[in-house]
Amino acid sequence: MRTVEWDQGAVKMIDQRALPWKLEFVRLETVEAVAEGIRNMTVRGAPAIGAAAGFGLALAAQRSDAETSDKLVSDLIEQGDKLKAARPTAVNLAWAVDKLLQIAGSGAFKSPAELRAGLLAAAQEIADEDVAVNSRMGRHGAALVKDGATVLHHCNTGALATVDFGTALGVVRAAFEAGKDIHVLLDETRPRLQGARLSAWELEQLGVSYDIIPDAAAGYFMQKGEVDIILVGADRIAANGDFANKIGTYQLAIMAQAHAISFYTVAPTSTIDLAVSSGDQIPIEERDPAEVTTPYGNPIVPGRFKARNPAFDVTPHRYLSGIVTEHGIARPPYTESLRRAVAGEKV
Ligand code: MRU
């Protein structure tokens, strides 16, 4: 089962808003619907929204009535902007759109029909490659997780956040499948509860032992000596190793350092943005305050109360023990190791 896939002229995805109560799929038949699905988090997780955007642009190509390749490319640039505007922080979204636009503009296709077919094949390759890359990251990262370890994890970075397998939770999966005895403490991850709803649902399917914990309990468990390693994902990694991830990651990093606990981010090279030299340049999405005041439609404070809802924070690279990529584990200086990883070299 893939989180997002092409389905006979539409983009099919798991509706992550309905989990864990119901496993439902939606078929999105226009690029606007795909952009809205990304915005409203029907699909979420940096690699998954990259794959969804790739299929969304392939869909835009199929739907365009352009009769020349030039006209089709200019339609695609416009539709690509709609997709890119859906969510600003995870760079995988722009990465996938720009990759397809580059292919579309390469002049390699003899007709609009060939271009449409070529874009769909390229979108499919992004999705297939994501699964392959995740399983490679899983193998690299599994070496960091000792038999009997307790892993602290934030948000959802499993199969649902990707096309399949996952990033940080992919490492947990790989270690578990290698026969290690592992326990996972899952931060519930307010306000949208990706940890409590999605990561717990995934670990249930895999049979991995876990406990959901309130976000604010992470420091408690570190102080008690109950955390051996912290594994998180990333939505965008700057050239110097600073990275944006789900809100709450920064405070975990500081607590990890205070307790001398290893702290790794696990992300494919499609999440590395070498055009951004440090984390302060990463755009941070602020979402609707109603996600804080009225989670899942249940008001927990009077409607007139104000709230702020930044969806991500930036963790400076100095708190990292390393960055697990599909080409190995990048270590400082990250400006050097990340550049090599993006070039496809072993790190
Ligand atoms: O807002 P979301 O759920 O799309 O957040 C993205 C994430 O899933 C996390 O930040 C994750 O750690 C990085 S994506 C594997």
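**A helix against the sheet**

Modeller: At 1.5 Å a residue, the 13 residues of H7 should span 18 Å, and because its end C-alpha atoms are 17 Å apart, the two values agree; the expected span is 1.5 Å times one less than the number of residues. Helices (H or I, at least four residues) and strands (E, at least two) are DSSP runs numbered from the N terminus. This is a predicted model, in which local features need pLDDT of at least 70 and side-chain atom pairs count only at pLDDT 80 or more, while totals for chains, interfaces and linings use all residues. Residues are numbered from 1 along each chain as its sequence is written, and side-chain values use heavy atoms, with hydrogens and water left out.

H7 (residues 194–206) lies across strand E4 (150–153), E5 and E6, running at about 160° to E5, where axes are lines fitted to C-alpha atoms, for helices over the stretch in contact (heavy atoms within 4.5 Å), and angles run from 0 to 180 degrees between N-to-C directions. H7 bends by about 25° at Ala200, the bend being the angle between axes fitted to the seven residues ending there and the seven starting there. Among the buried residues of H7 are Arg197, Leu198, Ala200 and Trp201 (under 20% relative accessible area, 1.4 Å probe, protein chains only); what covers the buried residues includes E4, helix H6 (168–177) and strand E9 (243–246). Beyond the helix comes Gly207, whose phi is positive, near 80°.

Key:
Buried means under 20% relative accessible area, exposed over 50%, partly exposed in between (1.4 Å probe, protein chains only).
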